[in-house]
Amino acid sequence: KTDNELEVKAREIISENMDAFFERYNDLNRKDWFSIYINSIVLQFDPHTSYLAPNDKDRFDASMSGEFEGIGARLQKRNQEVKIVEVISGGPVWRDELLEIGDIILKVAQPNKEAVDISGMRLDDSIKLIKGPKGTQVDVGIVRRRSKEILDFTITRDKIPLYSVTASYMADDHTGY
């Protein structure tokens, strides 16, 4: 490629990264700024201490316990859309082969309630609508990545195991890889 082609591509990538940065920045609310403020003060006194807001603590606890309750998909917000970036093995979405990586979630509804359009909503708020106790159901409207078809699914939430190691091997009774 020529220098001009490389420059054009580099500018496109930088522009996309800047757009994503400011999208996340604009999604910060008062509680997020409070956490940033407190952590900047705490860091000055003890680099090994940090403040966890209630939502962050819940996420931390789930990651340490190795499981959480929900549909079993990791979500990401990009261009005001909530996209599925990973289907977690062992979760309801994976077991029933309902959603695929790249699908965009348009709306979420609890049973017998009005659907909520989540496009443009903060990612944390979208996740709160989707997650829930084991055995409860959630209705999800998506746009299929490949066919651009609009589909609706009812998903029964379950416990999703989070494995830090996806494969292991014991060489003998005392040695593992």
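In the predicted model, a search of the whole structure for aromatic pairs returned 5. One of them joins Phe21 and Phe22, whose ring centres are 5.0 Å apart. The planes of these two rings are at 80 degrees, and the pair is classed as edge-to-face. Phe21 is partly exposed, with a relative accessibility of 41%. Phe22 is likewise assigned to the partly exposed class, at a relative accessible area of 40%.

Phe22 also pairs with Tyr25. The centres of the Phe22 and Tyr25 rings are separated by 6.3 Å, which falls within the 6.5 Å limit for pairing. Their planes make an angle of 80 degrees; because this is over 60 degrees, the arrangement is edge-to-face. Both residues belong to helix 1, which spans residues 3-26. Phe22 and Tyr25 are 3 residues apart in this helix, so about one helical turn lies between them. Tyr25 has a relative accessibility of 39% and is partly exposed, because this value lies between the 20% and 50% cut-offs. Phe21, Phe22 and Tyr25 are members of one aromatic cluster, together with Trp33.

The largest pocket holds about 720 Å³ of space. Its lining comprises 26 residues, and those closest to the pocket centre are Leu28, Asp32, Arg59, Arg122 and Asp124. Two or more lining residues come from each of helix 1, helix 2 (30-45), helix 3 (54-65), strand 2 (73-78) and helix 5 (123-130). Helix 2 makes the largest contribution, with 6 residues. By residue class, the lining of the largest pocket contains 13 charged, 8 nonpolar and 5 polar residues.

The second largest pocket has a volume of about 580 Å³. It is lined by 20 residues, of which Arg59, Phe68, Ala73, Ile127 and Lys131 are the closest to its centre. At least two lining residues of the second largest pocket are supplied by each of helix 3, strand 1 (67-70), strand 2 and helix 5. Helix 3, strand 2 and helix 5 also give two or more residues to the lining of the largest pocket. The lining of the second largest pocket is made up of 10 nonpolar, 6 charged and 4 polar residues.

Note on methods:
Residues are numbered from 1 along each chain as its sequence is written. This is a predicted model: local features need pLDDT of at least 70, side-chain atom pairs count only at pLDDT 80 or more; totals for chains, interfaces and linings use all residues. Side-chain values use heavy atoms; hydrogens and water are left out. Rings of Phe, Tyr and Trp (its six-membered ring) pair if their centres lie within 6.5 Å; planes under 30 degrees apart count as stacked, over 60 as edge-to-face and the rest as tilted. Buried means under 20% relative accessible area, exposed over 50%, partly exposed in between (1.4 Å probe, protein chains only). Helices (H or I, at least four residues) and strands (E, at least two) are DSSP runs, numbered from the N terminus. On a 1 Å grid over the protein atoms alone, a cavity is a set of points where a 1.4 Å probe fits but cannot get out, and a pocket is an open set with protein on both sides within 12 Å along at least five of seven lines; lining residues have an atom within 4 Å of a point. Grid points are joined across faces, edges and corners, and a volume is the space filled by probe spheres set on the points. Ala, Val, Leu, Ile, Met, Phe, Trp, Tyr, Cys and Pro count as nonpolar, Asp, Glu, Lys and Arg as charged, and the others, Gly among them, as polar.
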